Amino acid sequence: LTNKMDILNAYLYLLNFSVICICEHWMQIEEIKCTVLEGFTVASFFTRSNLKNGGTIIFVKKDINFTSSNLSEYVSESHFEASGIYLNQIKLQIINIYRSPSGSFDIFYEKLDELLSKINSKDNVLICGDFNINFLKNSSQEKSLCNLLRLYNCYGTVSEPTRDRTCLDNLFTNLPSNSFNVKVIEPGFSDHKAIDCQMFDTEFI
């Protein structure tokens, strides 16, 4: 992400996003501390300590009231990399997840289940990220993940390709379908497409 910050700043200049979730930022803590996204605050991030690349990060517009979520007991390099925030005004929990294709699906499943079980069932939840599971293919991993999320009343919203001919990225939520709109967009600086979500007059990417 470090060498794409100028492109990202230019891309966001005329847009009105409130929260930006990014997977695979490839940065270390020192680099994140120096990262500047105009008009945004680094709200939450996960960075690898032992392996290279990976990681997740969430930027929030400076005028939005939020609380960073402590996910340290759940994260695991390659298997379950996550960052999270809580938007206080609209009571929305946002979790940004990256699962490496080389990571263990069983560990990922276990960590996600543990995390979801601790979230207040009365809260609005939005879980997004790069799961490295093709949601366009009827596989055992796709079934297991979707069934797990349904247990927590969360449903997928993306059913079109996000990388080449596969749908590796998705957004799951327990929000009523008439309260938000999701579309896949081409940001032009990534090998993945982005997921644009607008709800409560607030826009996320």
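Trainee: Which residue stands opposite Asp130 in E9?

Mentor: Asp169 stands opposite Asp130. First, some ground rules. This is a predicted model, where local features need pLDDT of at least 70 and side-chain atom pairs count only at pLDDT 80 or more, while totals for chains, interfaces and linings use all residues. Residues are numbered from 1 along each chain as its sequence is written, and side-chain values use heavy atoms, with hydrogens and water left out.

Trainee: What makes E7 and E9 a pair of strands?

Mentor: Strands (E, at least two residues) and helices (H or I, at least four) are DSSP runs, numbered from the N terminus. Two strands pair if DSSP finds at least two bridges between them. Strand E7 (residues 124–130) and strand E9 (residues 169–173) have five bridges, in the antiparallel sense. With at least two bridges required, five is enough, so E7 and E9 pair.

Trainee: What sheet do the six strands form, and in which order?

Mentor: An open sheet, in the order E4-E5-E6-E7-E9-E8, with mixed pairing.

Trainee: Why are E4 and E8 called edge strands?

Mentor: Strand E4 (66–69) and strand E8 (155–156) each pair on one side only.

Trainee: How do you know that E10 and E11 pair?

Mentor: Strand E10 (residues 180–185) and E11 share six bridges and run in the antiparallel sense. Within E11, Asp196 is the bridge partner of Lys183.

Trainee: Why is Ser78 called buried?

Mentor: Buried means under 20% relative accessible area, exposed means over 50%, and partly exposed lies in between (1.4 Å probe, protein chains only). Ser78 has 8%, so Ser78 is buried. Ser78 sits in the loop between E4 and strand E5 (81–87).

Trainee: What does Ser78 touch?

Mentor: Contact means heavy atoms within 4.5 Å. Not counting residues up to four places away in sequence, Ser78 touches Arg48, Leu51, Arg99, Ser100, Ser102 and Gly103.

Trainee: Why does Asn138 count as exposed?

Mentor: The relative accessibility of Asn138 is 62%, so Asn138 counts as exposed. Asn138 lies in the loop between E7 and helix H4 (140–151).

Trainee: Why is Glu24 called partly exposed?

Mentor: Glu24 has 29% relative accessibility, so Glu24 falls in the class in between. Glu24 is in the loop between E1 and helix H2 (29–33). The phi of Glu24 is near 55°, a positive value in a residue other than glycine.

Trainee: Where does Asp164 lie, and is it buried or exposed?

Mentor: Asp164 lies in the loop between E8 and E9. Its relative accessible area is 66%, so Asp164 is exposed. The phi of Asp164 is also positive, near 55°, in a residue other than glycine.

Trainee: Is Phe105 buried or exposed?

Mentor: Phe105 has a relative accessible area of 11%, so Phe105 is buried. Phe105 belongs to helix H3. Leaving aside neighbours within four places in sequence, Phe105 is in contact with Arg99, Ile133, Gln141, Ser144 and Leu145.

Trainee: Which residues have the most contacts inside the largest nonpolar core?

Mentor: A nonpolar core is a set of buried Ala, Val, Leu, Ile, Met, Phe, Trp, Tyr and Cys residues joined through side-chain atoms within 4.5 Å. The largest has 44 residues, and Ile97, Leu112 and Ile127 have the most contacts inside it. Helix H3 (residues 105–118) gives the most to this core, with five residues. A second, separate core of 16 residues includes Leu8, Ile22, Phe40 and Phe59.

Trainee: Which residues of H1 are buried?

Mentor: In helix H1 (residues 5–12), Met5, Leu8, Asn9 and Leu12 are buried.

Trainee: Why are they said to be on the same side of H1?

Mentor: The arc is that of the directions from the helix axis to the C-beta atoms. These residues cover an arc of only 100° around the axis, which puts them on the same side of H1. Asp6 and Ala10 are exposed on the other side. The buried residues of H1 pack against strand E1 (19–23) and strand E2 (40–46).

Trainee: What makes E11 mostly covered?

Mentor: Five of the six residues of E11 are buried.
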